[in-house]
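Please keep the sequence and the coordinates at hand while reading.

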Amino acid sequence: MRRLVGMIVFLVVFPLVLVGFGYAAYAVAGLAASAFLSWGLQPAYGTALANVVFLMLVFVMLTATGLTIGERKWSALMQNRIGPNRIRPFGNPLAGLPYILADGLKTLTKENIQPSARSKFLYEMAPVISLAPAFALFAVIPVGPRVAVSGQQVALQVASPDAGLLYLFAIASLAVYGTSIAGWASNNKLAILGGVRASSQMISYEVSLGLSLVGAMMAYGTLRLEEMSVAQGKLLWGVLPQLGFILQPVGLVLFFASAFAETKRAPFDLPEGESEIVGYFVEYPGMKFAMMMLAEFIEVVVLAGVTVAVFLGGWHPIVFEGWLKANLSPLAFAAVCAGAFMLKTIALAWLQLVIRWTLPRFRFDQIQKLCWKMMLPFALANVFLTGALVLADPTLEWLAIVGIVEIVALVALTAAATKAPEPAHGEHGHGGAHAAPAHGH
Amino acid sequence: MSTHSLGPSESTPPLGQQALDAGLDSQEMIVNLGPSHPATHGTCRLVVALDGENIRKMRVDIGFLHRGFEKSCESVTWGQVFPYTDRLNYVSSTMNNVGFALAVEKLCALQVPDRAQYLRVVASEMHRICDHLTMVGAMGLELGAMTAFLYAVEARDLMWDRLTELCGARLTSNYVRVGGVARDLPDGWVEKTLATLDRTAELRDTIDKLLTRNRIFMDRTRGVATVSREDACEYGYTGPCLRASGEPYDVRKAAPYLVYDRLEFDVPVGTRGDNFDRYLMRMEEMKQSDRILRQCFQKMEPGDIAVRDFRYVLPPKPLVYGTIEGVMAHFKLVMEGIQVPAGEVYSYTEAANGELGFYLVSDGSGRPYKIGLRAPGWPMVASMPVVLKDALLADLVPTFDTFNMIGGEVEQ
């Protein structure tokens with residue numbers, strides 16, 4: 001009962017906290033813009049600076065560190081365990097939150113073991129190279145809409161380059177360097193295997209990652225993420241918002257799977273492969289290891305953010321949107337939008353945790369097969385189909401109809417697959433694995 | 001490292017290299033997995049020569065858990081061997097107890113009371129479920145599905161709780177004695193065990209849902225490390241690994257011991273002998289063990305749990321403290337041991353991993369003259385370099401798991 005009440009309170013309070021956070025972010029951005037203006041500087045720089053602090057350092061960092069505990073807590077729930085509860089500041093484990101501090105302290109004070117045969121410069125650089133691009137990715141993600149705060153137009157987005165998604169691809173490709181350099185520089189056979197696996201996997205999946213978004217680019221006719229977010233608020237036939245996952249269901253599935261491969265988490269955690277090769281970071285102690293681990297979690301948050309911005313309606317709250325817009329002040333509505341975006345992002349990060357703790361790991365030839373023989377053709381077909389439909393009907397209504405058909409087909413296929421006959425009698429000639437009794441011999 | 005190098009491989013050229021290509025002067029990479037590595041459940045070292053990630057050569061380096069089991073047994077009385085046998089396959093210790101007790105009883109020509117036989121079957125089958133749960137769960141763990149592993153561990157610990165109530169120990173049960181078993185069932189134990197079996201079945205089905213139909217799991221295990229029926233027989237496989245290859249040999253059916261001929265159960269047989277089949281064998285055998293246990297609880301009748309012959313079994317304490325014959329029997333059994341008639345015998349039982357054989361030689365004294373052990377896991381481990389030739393490194397770990405190498409029994 002206590003737990004149930006706690007969950008209900010959490011479900012109400014948490015979105016409100018996020019909305020409050022969005023409000024604060026807008027206020028600070030507005031203040032920074034005015035301050036920069038009064039100093040004779042570009043107000044946009046002030047906004048960007050405030051957003052770097054509030055969105056990247058506070059929101060992304062907090063979510064990523066929260067995920068380290070969230071992952072342990074949630075996996076414990078899934079596995080009938082209690083999870084981290086040994087640190088009790090006031091006789092209460094506080095849902096494991098003190099572990100964030102304890103882990104930080106522990107990793108910072110660990111002995112700094114350095115393999116003697118390492119490549120010194122690269123070895124020290126690798127954690128930095130892993131962490132930095134993951135952070136930089138969040139710069140183009142629009143957390144909230146553009147709104148006037150204390151006389152300045154302010155958006156919760158650090159930068160809005162024309163290249164938009166292309167910037168995203170460019171920076172995402174850099175992430176592979178950290179991993180493979182870590183594998184190479186530590187001069188350990190298992191680590192280099194991890195590094196090689198990482199480079200082959202991440203470079204392959206960049207192809208499908210990119211192609212899966214081309215459909216969305218064409219449908220919305222833009223590369224800028226905030227324009228995509230705005231476009232998703234438009235209604236089709238006056239009722240249905242033209243959300244990314246309705247127009248591009250195949251794109252969403254492909255993008256989410258490729259994003260998983262890019263974050264190197266199970267079922268794509270081959271570079272780590274803890275039971276086989278221990279991982280590309282096997283030679284990294286303490287905080288250096290923690291940085292790589294944190295980079296992974298930051299990527300989880302960032303890719304959840306991209307998925308939300310492109311496919312799940314961006315910052316649109318979707319439910320009660322019209323009512324909210326009519327009854328709230330523009331700033332308050334923008335804060336609600338920012339809260340909705342963050343909530344969706346966190347929900348997607350949670351979904352990634354659930355998948356990570358449910359599925360076993362691929363083998364690397366299977367991963368390549370999946371990428372080049374399954375996902376790439378599907379992504380290409382999706383690009384051609386979307387192109388044709390957008391050309392035929394610029395109002396996107398046909399695209400939405402095809403998208404809904406695709407969603408129904410995907411759901412039906414999944415349902416059929418779970419009801420398929422026993423695998424033992426399946427197509428691979430596994431007949432009779434549960435064979436009849438063998439009487440005597 | 002030089003002493004462990006495996007030399008260049010002459011057999012297959014590197015992948016994608018044609019006869020006319022100028023070869024990149026590539027070398028095989030020799031990687032040590034273990035002795036302390038997450039994949040080697042016990043302590044075992046695998047020296048692997050890799051070409052890319054393909055295993056070109058492999059050497060299994062065992063012996064880190066060698067404790068001189070066979071030799072140690074020669075210096076203790078027959079009854080004192082039981083704790084040593086516990087440490088053979090430590091995941092299913094009662095089955096080793098039973099195997100040894102049956103061998104000694106064969107030599108002594110002892111007929112054990114019915115109830116003792118049923119109790120032995122009960123403890124053995126519970127341990128079989130524990131052993132298979134460990135293997136199935138570890139299979140999930142090796143493939144990165146930690147959740148399945150923890151479900152298996154939960155079920156296994158429930159079973160171990162029941163076994164603790166029965167035997168007094170969680171892992172090393174030391175439950176069986178020559179001529180019977182150590183103690184009878186505690187009050188209310190059967191009901192509790194039935195509830196435990198239900199919960200175990202529930203968890204087993206959850207694992208089944210998580211893994212058996214999982215596309216990734218099937219792709220990872222099907223057609224990997226395939227062993228044909230002929231090869232399996234040739235290498236000397238027994239147990240689930242042999243049956244997975246299609247040979248329906250189970251000692252419980254082929255040469256029934258204890259009360260297995262009175263119980264109804266099926267022996268699952270596979271067709272392909274790959275990792276997936278070996279996994280399925282375990283899943284099905286757990287169901288069959290469950291069946292056997294429920295039958296045992298129905299068929300068991302009250303009675304003696306050991307022979308009433310104080311040449312073999314320790315007399316009850318009131319007799320020891322109250323009568324001169326009791327003291328004498330106790331003293332003789334403890335100091336001199338059971339007087340096993342001179343002779344030699346080979347006795348074999350179906351342990352969790354296959355045929356567990358004991359070869360005993362007695363010179364008529366209270367201590368074994370010689371003990372030889374046929375460890376079920378050994379032939380499988382020995383065949384690994386052949387089975388896994390040219391396989392991928394990622395497949396080595398789950399294969400090592402389906403062969404279920406238990407350091408305690410393989411390295412004795």
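In which helix of chain A does Leu190(A) lie? Leu190(A) belongs to helix 6 of chain A, which comprises residues 189-220. The coordinates discussed here and below are those of a predicted model. With a relative accessibility of 11%, Leu190(A) counts as buried, because the limit for that class is a relative accessible area under 20%. Setting aside residues up to four places away in sequence, Leu190(A) touches Ile277(A), Val278(A) and Gly279(A), and also Val31(B) and Leu33(B) of chain B. In sequence, 91 residues separate Leu190(A) from Phe281(A), yet their C-alpha atoms are 9.3 Å apart in space.

A contrasting position in chain A is Lys120(A), which is placed in helix 4, residues 120-136. Lys120(A) has a relative accessibility of 55% and counts as exposed, since that class begins over 50%. Between the C-alpha atoms of Lys120(A) and Val402(A), the separation is 55 Å, and the two residues are 282 apart along the chain.

Helix 1 of chain A, residues 2-38, contains Leu4(A). Leu4(A) takes part in a nonpolar surface patch of about 860 Å², together with Met1(A), Val5(A), Ile8(A), Val9(A), Val12(A), Val13(A), Leu16(A) and Val17(A). Why can Leu4(A) belong to a surface patch? Leu4(A) is partly exposed at a relative accessible area of 47%, and patch residues are required to have over 30%, so Leu4(A) passes this cut-off.

Helix 2 of chain A, residues 43-78, shows a bend of about 30 degrees at Thr68(A). Just after helix 2, Asn80(A) adopts a positive phi of about 55 degrees.

Leu133(B) is located in helix 4 of chain B and is buried, its relative accessible area being 0%. Beyond neighbours within four places in sequence, Leu133(B) is in contact with Ala152(B), Ala155(B), Arg156(B), Thr200(B), Ile207(B) and Met286(B). Arg367(B) lies 234 residues from Leu133(B) along the chain, and their C-alpha atoms are separated by 36 Å. Thr349(B), by comparison, is found in strand 6 of chain B, residues 343-351. Thr349(B) also counts as buried, at 3% relative accessibility. Leaving aside neighbours within four places, the contacts of Thr349(B) are Met95(B), Gly99(B), Leu102(B), Val251(B), Tyr257(B), Gly354(B), Glu355(B) and Leu356(B).

Attention now turns to charged side chains. Side chains of opposite charge can pair when their charged atoms come close. Over all chains, a search of the whole structure finds 46 salt bridges. One of them joins Arg262(B) to Asp114(B), with an N to O distance of 3.0 Å. This pair links distant parts of the chain, 148 residues apart: Arg262(B) is in the loop between helix 10 (251-254) and helix 11 (275-299), whereas Asp114(B) is in helix 4, residues 114-142. Both partners are partly exposed, Arg262(B) at 38% relative accessibility and Asp114(B) at 39%.

Another salt bridge in chain B connects Asp309(B) and Arg311(B), whose closest N and O atoms are 2.8 Å apart; Arg311(B) counts as exposed at 56% relative accessibility. In chain A, Arg224(A) and Glu227(A) form a salt bridge with closest N and O atoms 3.6 Å apart, and Glu227(A) is partly exposed at 38%. Salt bridges may also be joined into a network, as they are for Glu125(B), Arg128(B), Arg243(B), Asp250(B), Arg252(B), Glu285(B) and Glu350(B).

How much confidence does the predictor assign to chain B? The average pLDDT of chain B is 86, and 94% of its residues score at least 70. Over residues 1-5 of chain B, however, the pLDDT is below 50, and this stretch has six contacts in the model beyond near neighbours in sequence. Residues 7-11 of chain B likewise stay under 50, with eight contacts beyond four places in sequence. For the complex, the predictor gives an ipTM of 0.83 and a pTM of 0.85.

Conventions. Residues numbered from 1 in each chain as written. Chains lettered and ligands numbered in written order. Predicted model: local features only at pLDDT ≥ 70, side-chain atom pairs only at ≥ 80, totals over all residues. Heavy atoms only, no water. Patch = residues over 30% accessible without salt bridge, like charges linked within 9 Å, V, L, I, M, F, W, Y side chains within 5 Å. Areas by Shrake-Rupley, 256 points an atom, 1.4 Å probe, with all protein chains shown as cover. Salt bridge = Lys/Arg side-chain N within 4 Å of Asp/Glu carboxyl O. Helix = DSSP H or I, 4+ residues; strand = E, 2+ residues; numbered from the N terminus. Buried < 20%, exposed > 50% of the residue type's maximum accessible area, 1.4 Å probe, protein only. Bend = angle between axes of the 7 residues up to and from the residue. pLDDT = per-residue confidence, 0-100. Contact = heavy atoms within 4.5 Å.
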